[in-house]
Amino acid sequence: MTDLLPSETRATGPAIGTPASGIFVQTPSQTVGPFYGYALPYDKGPELVPGHHPHAIRLHGTVTDGAGEPVIDALLEIWQADGEGALSSELGSLDRDGFTFTGFGRAATTMAGHYTFTTVKPGPVAGHAPYVLVTIFARGLTHHLFTRVYFEADTALLATDTVLAQVPADRRSTLISVQDGPASYRFDIRLQGEGETVFLDFDA
Amino acid sequence: MPHDTLPAPARGSGQESQDSVTAEIRAIEADAARRVQQGGSPELHPRRDYPPYRSSLLRHPTHELVRVDPEEVERVSPAFGHTDVNVLESDLTIQHVGEPLGERMTVSGRVLDGEGRPVRHQLVELWQANAGGRYVHKRDQHPAPLDPNFTGVGRVITGDNGEYKFTTIKPGAYPWKNHVNAWRPAHIHFSLFGNAFTQRLITQMYFPGDPLFALDPIYQSIADPAARARLVGTYDHDLSVSEWSIGYNWDIVLTGPKATWMEGEDAHD
């Protein structure tokens with residue numbers, strides 16, 4: 001194995017987790033597996049706002065693997081600011097009242113590997129290019145993947161975004177959704193291979 | 001034709017033997033140990049590209065992850081609470097008319113961050129197979145019985161000290177199609193949210209002493225033995241209740257990469 005990602009090789013020194021270190025060692029990840037379908041998806045999970053909300057958008061796409069085949073057992077979560085760029089601290093993501101925007105959504109892919117969220121286009125947070133944070137879980141993913149959905153209309157903010165600037169120019173487009181309707185944005189996720197989506201790891 | 005001259009089954013065909021998969025597992029573990037001997041840090045998480053787990057072959061990214069500073073979006077988490085989760089959802093044995101079959105147990109512990117601080121009032125979700133090793137999932141067609149009194153799904157909101165507690169039954173081991181005669185050790189799936197979205201974690205809790213550990217490519221995808229041992233709950237007799245339930249303890253530590261990025265502080269003792 002010579003293809004370890006740096007994110008996985010960097011880890012703790014041997015002192016971590018010993019009483020003297022005072023540092024608690026992270027619990028490892030494990031795959032979500034194939035059998036979460038009756039447990040994690042929930043009613044209205046993909047609907048951060050109802051479809052009739054005046055600013056509702058569709059955020060959707062297909063998840064594919066290294067052979068280009070649809071991933072039919074992926075689970076996606078999104079987390080985002082509201083249209084004004086505010087992050088919600090409201091309860092109620094799991095039992096939506098139809099009015100409160102909590103900023104969190106969860107959707108499983110269909111038999112075609114397709115996912116759909118109904119949400120609003122986020123506003124800029126602290127002046128940065130607005131985006132939706134996406135977390136991907138699936139059988140075969142030993143550890144979830146993070147990525148971000150940006151919006152192509154935000155030309156000026158995208159041009160100066162420091163995160164996008166860290167991404168190789170020829171892969172940057174994988175983070176930018178394509179508007180495919182008056183209120184619809186497409187964001188396909190390619191886990192591996194040609195056009196592989198840029199996945200992020202976060203420094204704190 | 002002598003048996004040992006037959007062509008080996010193709011990787012990922014599902015027809016490979018446990019012995020050949022185990023040999024791959026041990027080779028990767030040896031590689032990880034060698035890296036540590038050479039001064040590298042132990043691997044805290046599973047390898048994303050872990051060939052013994054065949055489903056990872058076409059699903060792991062081949063590019064390095066791009067390391068960036070989290071913005072405010074990643075530094076906070078959604079809020080969950082009493083309007084999301086009913087207190088009864090932490091007891092998986094009372095969701096139906098009758099009692100589920102199996103060994104009644106409690107699993108309890110604390111959710112902490114990398115500094116040992118409690119993760120308060122956050123969502124913990126759990127799902128598992130029944131005592132026969134069968135999930136209530138249409139794609140699970142393993143011919144073990146479903147239990148009409150057990151669904152295997154629970155949720156809880158952590159308390160002021162990050163504590164959680166579930167009452168459930170011990171799940172059974174079950175077969176899967178990674179290779180011939182592949183069995184998953186008994187486990188419970190856990191989903192956790194931290195104070196920051198960077199701490200999001202889905203993982204599995206195992207039970208001490210399981211003979212399937214050494215054979216299981218999912219458990220072994222964490223190449224460092226000490227790291228994967230963190231997924232094994234502890235039997236705690238003080239948590240067992242006389243003539244009622246067996247008690248396990250399992251603490252979960254969520255932390256962002258920064259808190260584990262200790263390269264400059266590697267101890268050399």
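Predicted model: local features only at pLDDT ≥ 70, side-chain atom pairs only at ≥ 80, totals over all residues.
Local features need pLDDT of at least 70 and side-chain atom pairs count only at pLDDT 80 or more, while totals for chains, interfaces and linings use all residues. Residues are numbered from 1 along each chain as its sequence is written, chains are lettered from A in the order in which they are written, and side-chain values use heavy atoms, with hydrogens and water left out.

The size of an interface is often given as the accessible area lost when the parts come together. Chains B and A bury about 8700 Å² between them, 59% of it on carbon and sulfur atoms (accessible area lost, 1.4 Å probe, summed over both parts). In terms of contact (heavy atoms within 4.5 Å), 95 residues of chain B meet 84 residues of chain A. Between the two chains, 39 residue pairs, both at pLDDT 80 or more, are in polar contact (a pair of N or O atoms within 3.5 Å; within protein, one must be able to donate a hydrogen and the other to accept it, and residues adjacent in sequence count only if both atoms are side-chain atoms). Strand 9 of chain B (residues 201-206) supplies the largest share of the side of chain B that touches chain A, with 5 residues; strands are DSSP runs of E, at least two residues, and helices runs of H or I, at least four, numbered from the N terminus. The interface also holds 5 salt bridges (a side-chain nitrogen of Lys or Arg within 4 Å of a carboxyl oxygen of Asp or Glu). One salt bridge pairs Glu77(A) with Arg200(B), with the closest N and O atoms 2.7 Å apart.

Ser93(A) lies in the loop between strand 2 (74-79) and strand 3 (104-108) of chain A. Ser93(A) is buried, at 0% relative accessible area (buried, under 20%; exposed, over 50%; partly exposed in between; 1.4 Å probe, protein chains only). Its side chain makes a polar contact of 2.7 Å with the side chain of Thr102(A). Beyond four places in sequence, the residues in contact with Ser93(A) include Phe80(B) and Asp84(B).

Gln220(B), in the loop between strand 9 and helix 3 (225-229) of chain B, is buried at 3%. The side chain of Gln220(B) is joined to that of Arg26(B) by a polar contact of 2.8 Å and reaches the backbone oxygen of Phe213(B) at 2.8 Å.

Val87(B), in contrast, is exposed, with a relative accessible area of 73%. Val87(B) is placed in the loop between helix 2 (72-75) and strand 2 (104-113) of chain B.

Methods
Buried area = accessible area lost by both parts, 1.4 Å probe.
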